Amino acid sequence: MHRIDRCFEELARARRKALCAYLCIGDPSLEESEALALAAVEAGADLLELGVPFSDPTADGPTIARAAERAIASGATLTRVIEVASRLRARVEAPLVLFSYYNPILVTGEERVVALAAEAGIDALLVVDLPPEEAGPLRSLAASRGLGVVPLLAPTSDPARVEAVRRASAPPPGAPRGFVYAISMTGVTGANPSDLSSVSETAEALRSAFGLPVLLGFGIDSGESAKLAAGAPGAGADGVIVGTAIVKRIERGNTTEERASGVRALVSELRAALG
Amino acid sequence: MVSTPATPGYFGRYGGRFVAETLVPALEELSRAVEEIVPSRAFQDELGALLASYVGRPTPITMAHRFARAVDPDGKSIASLLLKREDLCHTGAHKINNALGQVLLARAMGKERIIAETGAGQHGVATATAAALLGLPCEVYQGALDMERQAPNVARMRLLGARVVPVTSGSRTLKDAMNEALRDWVTNVRSTYYCVGSAAGPHPYPTLVANLQRVIGDEARAQCLAMGGLPDAVVACVGGGSNAIGIFKPFIDQDPDVALYGIEAAGHGLDTERHAATLSRGRIGVLHGARTYVLCDDAGQVQEAHSISAGLDYPGVGPEHASLRDTSRASYLAATDEEALEAVRRVARTEGILIALETAHAFAALGEVARREAEARGRPARLLVCVSGRGDKDLGTIMDRTGEG
């Protein structure tokens, strides 16, 4: 069984909600991102989303956009992020999801990216501006190397769209089943959600439509909001994805130690709240 | 691959819809509106009436003898030079054709609010104008750097009732304004209409904008025929490429013998890093929702474009131009900042027309276009140029650079 599917199976068995931590790799440096990712896992993150910085992150709010600018300035590129993933893979068992915009993948070369990612031990790709209609070639390439491509749904996705995404993103043979990324609000990352109280119902509907675990992301920044979004044990979402709040802790720290302890504190708080 | 000619939103291998999932339903809604509302009698009648009574269409064609002679003193390469005068549109540029059409569409779709991005400010002014006319609130994103460079247009937008939002991220120019407009749209997608200013962006925008700008080419083609025949070549400046695709459109399939030339901004020169010549020097990528040529580095990071003209310094280009380039149906050349400034001066002094710096790039390449066409045809060529806009907004830039008006 693929690492990512095994992870969700174990979480389900333990009746535990998944916690996925997003880091913009290269912010503040490639070396430190590696250490921060390890800190997140040690503090209780079950999955890691390794963000490839992009110059024009249209789905992200100002916090992650600033992180991307810092990361690009520090020399982070798609291939260097994959190198970080490879070093992390040697030290953690947590599934690694490579998060990117499409242009770095297209320009680096889809085949090359998939090959490098597979060799590095990355488990899935998440491409925020690549709707399933445009993702066919990448999905086939990824499947041939045992990688998944994570489908995204939004609050604007009506039932017909949910069905279209489900059909277009069914995991091909050889790919992990993976999970569905449910965007919890119409907006960019890091915005204040108007209402997280009903998103766990949305997540449940998506889980029954896809037959896959559903993680909720966008607007989750504390133990309280994580708990509210995820819903009751055994119901609601299968877990949450937290990005901007982690990036803010990193941004606020003045030293390597301050940044690491900030990440550890937040991830521990989220872990404790999620149960 | 999604590249058959029948695939909606694709021009060869270019175009498509590369956006966050949140926006896909909005783009589907817009596609349906483009198919159902735009061709309807009611919509076309209202748009047609406004284009005539408000915009001032059809715009005239002007013969430019003195400029032609200045470019070609011995008359060996230019037989005639015709100018399609979009600078005479209300608000001073072709942008109003598109803005008016899209804001009418937004109203018909029941949207409550208009947003737009702008570089030089011409599209912002056009959108603010259309929104004022139709009574819809309007917000325009503009790079902070462009707001400095184009202060008169910022004042115009505000006077028209629009809120101008300064964008301070990235290069603080058009691409960042477009990023910010997309973020606004992701957040307010249900109530807001995003009026895209060029034939770029995700499907259906490149098709919608090209069809709204096609009026330039349709008129020009008929006017040329009435004046004795089709031109040998049509020339227009290309940033995102909306005036160019508008004037090219009727000629693309109908008149294969009419050559099409798009002129990009070479900035400080094509061999420097300071230019905006996406089709001449870019690579295939994805920017702002479409697969097209993009100025970006080996890692896929989009580079800052440079042009003396704020309206041309965009690191992407409309996907239909990318396809016309690959099929060689159109040729793309480039003119530098200096060449554009010289063209502004020369057109002003020979024809009494103060053209926009964007437009000046098209004029700057006319000598080269004329030489190519005359050589290929064995006789002096008849040229048609799109005067995409007037130059009042650029006076500050021109004075700074040349010390004269």
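Author: Happy to! A salt bridge here is a side-chain nitrogen of Lys or Arg within 4 Å of a carboxyl oxygen of Asp or Glu. The model is a predicted one, and a search of the whole structure, over all chains, turns up 54 salt bridges.

Let's start in chain A. Asp123(A) and Arg3(A) meet through their side chains in a salt bridge, at 2.6 Å from N to O. Arg3(A) belongs to helix α1 of chain A (residues 3-13), while Asp123(A) sits in the loop between α6 (110-120) and β4 (124-127) of chain A, so the pair ties together parts that are 120 residues apart in sequence. The cut-off for buried is under 20% relative accessible area. Asp123(A), at 6% relative accessibility, therefore counts as buried, whereas Arg3(A), at 22%, counts as partly exposed.

Moving to chain B, we come to a pair within a sheet. The side chains of Glu139(B) and Arg163(B) form a salt bridge, at 3.0 Å from N to O. Glu139(B) has a relative accessible area of 16%, so Glu139(B) is buried.

Those two strands belong to an open sheet of four strands in chain B, with the order β7-β6-β5-β8 and parallel pairing. β7 (163-167) and β8 (192-195) of chain B are the edge strands, each pairing on one side only. From one strand to the next, the twist averages 25 degrees. Helix α8 of chain B (residues 174-187) lies across β5, β6 (138-143), β7 and β8 of chain B, and runs at about 160 degrees to β5(B).

Arg113(B) stands opposite Thr192(B) in β8(B), and Ile114(B) has Tyr193(B) of β8(B) as its bridge partner. In a regular strand, side chains alternate between the two faces of the sheet. In β8(B), Thr192(B) and Tyr194(B) point one way, Tyr193(B) and Cys195(B) point the other way, and all are buried.

Now for a pair inside a helix, also in chain B. Glu373(B) makes a salt bridge with Arg377(B), with 2.8 Å between the closest N and O atoms. Because Glu373(B) and Arg377(B) are four residues apart in helix α15 of chain B (residues 366-377), about one helical turn separates them. Glu373(B) is buried, with a relative accessible area of 6%, while Arg377(B) is partly exposed at 22%. This pair is part of one network, in which salt bridges that share partners join Asp232(B), Asp257(B), Glu373(B), Arg377(B), Arg379(B) and Arg382(B).

To finish, here is a pair of helices back in chain A. Helix α2 (residues 30-42) and helix α12 (residues 256-274) of chain A pack at an angle of about 30 degrees, and their axes are 9 Å apart. α2(A) and α12(A) are therefore roughly parallel to each other, and their crossing is right-handed. From α2(A), the contact involves Glu32(A), Leu36(A), Ala39(A) and Ala40(A). α12(A) contributes residues including Arg259(A), Ala260(A), Val263(A) and Arg264(A).

Notes: Residues numbered from 1 in each chain as written. Chains lettered and ligands numbered in written order. Predicted model: local features only at pLDDT ≥ 70, side-chain atom pairs only at ≥ 80, totals over all residues. Heavy atoms only, no water. Pairing = 2+ DSSP bridges. Axes fitted to C-alpha atoms, helices over the stretch in contact; angles between N-to-C directions. Contact = heavy atoms within 4.5 Å. Buried < 20%, exposed > 50% of the residue type's maximum accessible area, 1.4 Å probe, protein only. Parallel < 35°, antiparallel > 145°, perpendicular 65-115°, else oblique. Left-handed = near helix turned anticlockwise from the far one by under 90°.
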